[in-house]
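Here is a short report for a reader new to this structure. Look at the model first, then read on.

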There are 2 protein chains.
Amino acid sequence: MKAYTLTHLHQLPELTDLEMPTVKDDLALIQLTASALNHRDIWITKGLYPNIMLGAVMGADGCGMLNGQEYIINPGLAWGRNESFQSPEFRVLGVPDDGTFADFISIDRTYLYPKPDHLTSVQAAALPLAGVTAFRAIIKRAQLKTGEKVLISGIGGGVALMAMQYAIALGCEVFVTSGSDLKIAEAISLGAKAGYIYHDPDWPKKLLSDAGGVDVIIDGACGAGFNQLVKVCLPGARISFYGGTAGKIEGLNPQLIFWRQISILGSTMGSDADFKDMIDFVDKYRIVPVIDSILPFEAIPDGFKKLMSGEQFGKIVFQH
Amino acid sequence: MKAYTLTHLHQLPELTDLEMPTVKDDLALIQLTASALNHRDIWITKGLYPNIMLGAVMGADGCGMLNGQEYIINPGLAWGRNESFQSPEFRVLGVPDDGTFADFISIDRTYLYPKPDHLTSVQAAALPLAGVTAFRAIIKRAQLKTGEKVLISGIGGGVALMAMQYAIALGCEVFVTSGSDLKIAEAISLGAKAGYIYHDPDWPKKLLSDAGGVDVIIDGACGAGFNQLVKVCLPGARISFYGGTAGKIEGLNPQLIFWRQISILGSTMGSDADFKDMIDFVDKYRIVPVIDSILPFEAIPDGFKKLMSGEQFGKIVFQH
């Protein structure tokens, strides 16, 4: 079969001819119909993950066929028994385990969920990693409630967009930040109330003026800008973050946090229950992931280049 | 009646002859039998709170008699309807509202709770502010469960000691930090498993070696040492903090927090429901607040001096 494997670090994955995966015990052989790209895939090519195995098939997100039924694959393997945190055996599909950038994948049936009817193959493939990460962060960890005010930082990334869509589905007022006016305009066209350029030091004042503050914040950056997130919190607010691309949090004022009963919640990926609940939520609210571009399987390396440019708005997906 | 009032900033409170408080509507006239000191009282004399009113009676903690029954006073006034955070009208008893360092206090009956039978008057007076602050921080916010491992930083302060006692009552293993070997020894005599001098940069390694990490941390300091608290967290850990005496949190590594699904929870005081649940918990587990010293009413200024020295272990209480 054809597959994109990690042959060398600091290079794009290479199209490789591999033997068909072996299937035994509870494993099912899935013929992949679509897959999608994540920042994780880029970081793996840069050697920025532990347990990187050269020669493994890349790709965490995918959906495919088994006996005439199409399934979404949960890429969170071996979460373990505790809903509060993943086990030491936890890992994400696609290096070191063979992933979704291939014709076929052999995977335990417990990771297969029937594709909701309202989604096409490529839309379904866009869902898994970003969908479950956003769901745990905003629904399970931050316990978002209908009618609350929400800020999503760095709109345009997969997790940020999914979190925005969940919040809009729940009838929340959503505000966003971005480095790009274009991305803010696109978020507003999808239902966001307003957006702010995060390079503008006055954005918190503008948000406070527009919204009076927010109940829930979803962030993937941290860094020095984290203090501005605290400034726009209403009493009882929850800040849930799933990444730290802007680095360490500096100069955090404890009085602003404890006096206003704020919660700062670290969140990563999601449990099997989170994944199932996410699929049910997406099904119930007929949520369609935002897709930046649909490329053919053979253009997977071009997808990597596009994601590295940082110009995407939504997921980059591959039609197999 | 006799009362200690705030006559000038940057001075100890002065014994003053006041008219008896007026009583009307739902207010009850309580004859105070005991009161207790908090750091808040010191900070008020230094002008470090908003809405300081010269001439007001000081003191947040107290218990007293009404119609032959002894009551503990909830010092958290006007919390409001939302359990998650206090209303803008919320304030703590004792400046600007007349407080407990007096012969009598006039207070709304909703703030009165029958004194548990196992406590003396001075023990009951030691409970309110520290008791409810610790209860909300460790039980309501951090959701401490039986058998978990707990770290209490800065043992010796009222809130830290109450949190330790709640955790021991629930059958948790409790570890402490302090700047003083003596305070660590006292905590161990009360049931703590082990303690560490927080000036020792290797204390996290020692705790990890002894306990393998902790599920819940209660902190009132924050500052640069906060990173060491994160280091000793087990996956899914909750750090609940009620103060920031060591200043801003610097250099917080987001990866350590989100990957381990850690929650950082600001907490202050407690709601009416928190206070009632705290009294019920103290009653159920027959918890007796740790008392550093019992002074006569006339020695209230000496109590201030002792608390300013930082050498106390437990509450400084006044027998009226």
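## Two chains

This is a predicted model.

The interface itself can be counted. In chain B, 30 residues are in contact with 30 residues of chain A. Three elements of chain B each supply at least two residues to the side that touches chain A: strand 14 (233–241), helix 8 (254–258) and strand 15 (263–266). By class, this side of chain B has 14 nonpolar, 13 polar and three charged residues.

## A sheet across both chains

Strand 15 (residues 263–266) of chain A is joined to strand 15 of chain B by three bridges. These two strands run antiparallel. Ile264(A) stands opposite Ile264(B) in strand 15 of chain B. Ser263(A) stands opposite Leu265(B), also in strand 15 of chain B.

Strand 15 of chain A is covered on both faces. Ser263(A) and Leu265(A) lie on one side, Ile264(A) and Gly266(A) on the other, and all are buried.

The pairing continues inside each chain.

| Strands | Sense | Bridges |
|---|---|---|
| Strand 15 of chain A and strand 15 of chain B | antiparallel | three bridges |
| Strand 14 (residues 233–241) of chain A and strand 15 of chain A | parallel | four bridges |
| Strand 10 (residues 149–152) of chain B and strand 13 (residues 214–219) of chain B | parallel | three bridges |

Single residues show how these pairs line up. Ser240(A) stands opposite Leu265(A) in strand 15 of chain A. In chain B, Leu151(B) has Ile217(B) of strand 13 as its bridge partner.

What is the order of the whole sheet? It reads 12(A)-11(A)-10(A)-13(A)-14(A)-15(A)-15(B)-14(B)-13(B)-10(B)-11(B)-12(B). This is an open sheet of 12 strands with mixed pairing. The edge strands are strand 12 (194–197) of chain A and strand 12 (194–197) of chain B, and each pairs on one side only. From one strand to the next, the twist averages 15°.

## Crossing helices

Two packed helices are described by the angle between their axes and the distance between the axes. In chain A, helix 3 (residues 128–141) and helix 9 (residues 272–284) pack at an angle of about 90°, with their axes 9 Å apart. Helix 3 of chain A is therefore roughly perpendicular to helix 9 of chain A. From helix 3 of chain A, the contact takes in Gly131(A), Val132(A), Phe135(A), Arg136(A) and Lys140(A). From helix 9 of chain A come Asp274(A), Phe275(A), Asp277(A), Met278(A), Phe281(A) and Val282(A). These contact residues divide into six nonpolar, one polar and four charged.

Chain B has its own crossing. The axes of helix 3 (residues 128–141) of chain B and helix 9 (residues 272–284) of chain B come within 9 Å and cross at roughly 90°. These two helices are therefore roughly perpendicular to each other. The residues of this contact divide into six nonpolar, one polar and four charged. Among them are Phe135(B) in helix 3 of chain B and Phe281(B) in helix 9 of chain B.

## Two residues of chain B

Lys315(B) is found in strand 17 (residues 315–319) of chain B. Is Lys315(B) buried or exposed? Lys315(B) is buried, because 29 other C-beta atoms lie within 10 Å, and 20 or more count as buried. Leaving out residues up to four places away in sequence, Lys315(B) touches Ala36(B), Ala126(B), Ala130(B), Gly158(B), Pro289(B), Val290(B), Ile291(B) and Asp292(B). Ala125(B) is 190 residues from Lys315(B) in sequence, yet their C-alpha atoms are 9.4 Å apart.

Ala28(B) has its place in strand 3 (residues 27–36) of chain B. Ala28(B) counts as partly exposed, because it has 17 C-beta neighbours inside 10 Å. Not counting residues up to four places away in sequence, Ala28(B) touches Leu66(B), Ile107(B), Arg109(B) and Leu112(B). Ile105(B) is 77 residues away along the chain, with 8.1 Å between its C-alpha atom and that of Ala28(B).

Notes: Residues are numbered from 1 along each chain as its sequence is written. Chains are lettered from A and ligands numbered from 1 in the order in which they are written. This is a predicted model: local features need pLDDT of at least 70, side-chain atom pairs count only at pLDDT 80 or more; totals for chains, interfaces and linings use all residues. A residue is buried if 20 or more other C-beta atoms lie within 10 Å of its own, exposed if 12 or fewer, and partly exposed in between; C-beta atoms are placed from the backbone. Two residues are in contact if their C-beta atoms, placed from the backbone, lie within 7 Å. Ala, Val, Leu, Ile, Met, Phe, Trp, Tyr, Cys and Pro count as nonpolar, Asp, Glu, Lys and Arg as charged, and the others, Gly among them, as polar. Two strands pair if DSSP finds at least two bridges between them. Axes are lines fitted to C-alpha atoms, for helices over the stretch in contact, and angles run from 0 to 180 degrees between N-to-C directions. Angles under 35 degrees count as roughly parallel, over 145 as roughly antiparallel, 65 to 115 as roughly perpendicular and the rest as oblique.
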